[in-house]
Amino acid sequence: MFEKILTRNFGLPRSETIGAYIASGGYQALPKALHELTAEQLIDMVKASGLRGRGGAGFPAGRKWGFLPKDPNVVKYVCVNTDEGEPGTFKDRELVEKDPHQIIEGVIIAAYAVGAQRGFVYIRGEFFLGVKRWIKAIDDAYAKGFLGKDILGSGFSFDLSVHRGAGAYICGEETALIESLEGKRGEPRLKPPYPASVGLWGKPTLVHNVETLANVPHIVNRGAQWYAGIGTPKSTGPKIFCISGHVKNRGVFELPLGVPLRELVYEHAGGVAFDKKLKAIIPGGASTPMLSVEQLDTTLDFESLEAAGTMLGTGAVIVMNEDTCMVDVARRLMRFFSHESCSRCTPCRNGTRSILGILERMEHGEGVPGDVERLEELARGMQGLTFCPMGDAAANPVLSGIKLFRDEYEYHIQHKRCAVAA
Amino acid sequence: MQQNPKVADPAKRSMLLTALYIAQEQYGYLTEEAVERVAQRLDLTVSDVYSMASFYSLYRTKPTGRYVLQVCEGLSCYLTDGAERLVDYLRKRLSIEVAETTKDGLFTLQTVQCLAACGTSPAIRVNDALYENMTVEKVDELLETLRGYHV
């Protein structure tokens with residue numbers, strides 16, 4: 001049985017309170033970091049732990065910390081990304097609702113390491129309970145002296161506040177998040193420069209997903225070596241997987257990176273619901289290419305999933321059974337992407353709408369020969385041509401779906417109906 | 001001569017999302033007057049504020065019913081018999097189409113993108129509250145309860 005680290009308090013009564021967090025050993029990493037370690041040592045520690053971002057891109061966290069300028073006279077910021085919106089993903093909401101102090105402790109340590117004195121939590125506007133939990137947790141952390149001036153007598157000061165987004169998936173992208181915090185439309189910026197050099201109000205900014213930050217106190221408490229021993233050599237540490245769709249036990253499962261997909265689906269999630277046959281799996285949220293049944297032995301880590309032609313993404317595994325129409329799945333996902341495109345870049349704005357139009361036509365039995373090729377052409381036309389990764393993300397469900405289930409697409413066109421629901 | 005567009009204090013502009021929420025709360029939705037007042041207070045142009053209000057889906061520029069029923073149409077909700085099925089049910093039950101409001105002004109039906117409740121799908125959000133593992137029976141109960149507050 002894998003020792004739960006990030007979700008260890010989820011089952012405790014009132015697990016979201018500061019009392020529950022402290023009683024379970026919380027806020028012990030903070031004095032250690034502030035009194036015993038230098039900023040440089042902390043950055044080295046996180047680098048050595050191998051911690052990689054949990055928001056989707058998987059960038060090494062320690063390297064990101066190292067990119068911020070060391071000059072103490074430069075104003076720097078930390079942003080906490082709680083704008084979880086990737087279909088299939090619900091781990092960040094659970095983390096914030098059930099153990100917000102674990103994240104706060106991580107933010108303070110990260111801020112100390114990069115020399116930021118001001119932090120902003122950006123949370124999805126829809127997460128009403130999450131907003132309340134964040135505000136209460138921050139208030140309680142101030143009352144205990146973990147936030148504010150001269151934290152625990154260390155001379156380090158840090159302020160943190162909560163900012164509510166207003167319904168835009170794209171604001172989960174770090175530069176769009178920054179734009180939104182500045183009170184603008186959440187349209188991604190062209191990179192480089194990256195936020196580590198030019199971020200919020202033009203200042204160097206560290207943006208992290210909440211799950212990434214939740215790992216930090218544990219690395220400080222138990223050491224980089226211990227952390228690097230969990231998972232695979234290149235994908236270290238625990239990961240909160242979200243599993244949904246056609247499985248018996250849906251929910252979050254914390255497991256070491258590198259766990260086989262088969263084990264997650266059949267042991268932890270109890271297998272396919274109603275004893276149906278498995279058809280396809282999306283391994284890391286709506287933006288990641290889907291896998292076939294033959295790929296069940298792929299392990300869930302950054303490098304293996306990349307080798308399998310897909311991505312770990314947010315670790316949101318969506319399971320689909322034999323009764324699922326793959327054209328309809330693509331149509332649903334494209335409705336999402338076309339709705340959420342910020343419309344700044346033409347390939348994404350027009351590409352998602354045109355693809356959706358063709359998929360809707362096919363669903364209504366009005367597909368025409370050549371549609372599959374048109375879909376492929378449109379999807380390829382979005383890859384690598386947009387400011388942010390959304391163009392690529394939107395192309396993925398279509399291209400991977402056609403690659404695995406081309407015959408189903410052709411069936412829709414030929415027979416004017418679905419092969420599955422027949 | 002007319003002044004150039006106002007150059008606003010960047011920190012002041014950061015209050016825009018919050019200010020729009022407050023205005024929406026006070027006015028019920030973002031009326032012209034609400035938008036103008038926000039623009040005035042933050043030294044922004046009206047069109048700039050409108051451009052924000054139209055970008056973010058949680059701002060309303062039209063009146064809605066007392067309860068806004070937002071049915072999640074995310075993939076996981078769809079796979080677990082939610083999404084369209086619940087939308088269709090609500091359309092019939094309330095005799096309105098998506099984006100419309102019932103005659104008594106109680107309910108507005110909307111579809112929304114993934115609510116991050118995929119492990120407990122299908123999900124519906126009613127104003128600020130999230131309802132998970134929804135069925136048509138539970139939808140009926142919910143409507144009854146909400147109606148009960150306004151008899």
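Chain B splits into domain 1 (10-55) and domain 2 (67-148) by domain assignment. Their centres, taken over C-alpha atoms, are separated by 28 Å. The model is predicted. Chain A carries domain 1 (18-228), domain 2 (238-321) and domain 3 (326-415) in its assignment.

**Domains of chain A**
- The C-alpha centres of domain 1 of chain A and domain 2 of chain A are 27 Å apart.
- Contact between these domains involves 13 residues of domain 1 of chain A and 15 residues of domain 2 of chain A.
- On the side of domain 1 of chain A that touches domain 2 of chain A, two residues are nonpolar, five are polar and six are charged.

**Sheet in chain A**
- An open sheet of five strands runs in the order E6-E5-E11-E8-E9 (chain A).
- Its pairing is mixed.
- Strand E6 (251-256) and strand E9 (291-292) of chain A are the edge strands. Each of them pairs on one side only.
- Strand E8 (residues 278-282) of chain A and E9(A) run antiparallel, joined by two bridges.
- Ile281(A) has Leu291(A) in E9(A) as its bridge partner.

**Helix on the sheet**
- Helix H11 (residues 261-268) of chain A packs on this sheet.
- Helix H11 of chain A touches strand E5 (238-245), E6, E8 and strand E11 (316-321) of chain A.
- The direction of helix H11 of chain A makes about 135° with that of E6(A).

Key:
Residues are numbered from 1 along each chain as its sequence is written. Chains are lettered from A and ligands numbered from 1 in the order in which they are written. This is a predicted model: local features need pLDDT of at least 70, side-chain atom pairs count only at pLDDT 80 or more; totals for chains, interfaces and linings use all residues. Domain bounds come from an automatic or database domain assignment. Two residues are in contact if their C-beta atoms, placed from the backbone, lie within 7 Å. Ala, Val, Leu, Ile, Met, Phe, Trp, Tyr, Cys and Pro count as nonpolar, Asp, Glu, Lys and Arg as charged, and the others, Gly among them, as polar. Two strands pair if DSSP finds at least two bridges between them. Helices (H or I, at least four residues) and strands (E, at least two) are DSSP runs, numbered from the N terminus. Axes are lines fitted to C-alpha atoms, for helices over the stretch in contact, and angles run from 0 to 180 degrees between N-to-C directions.
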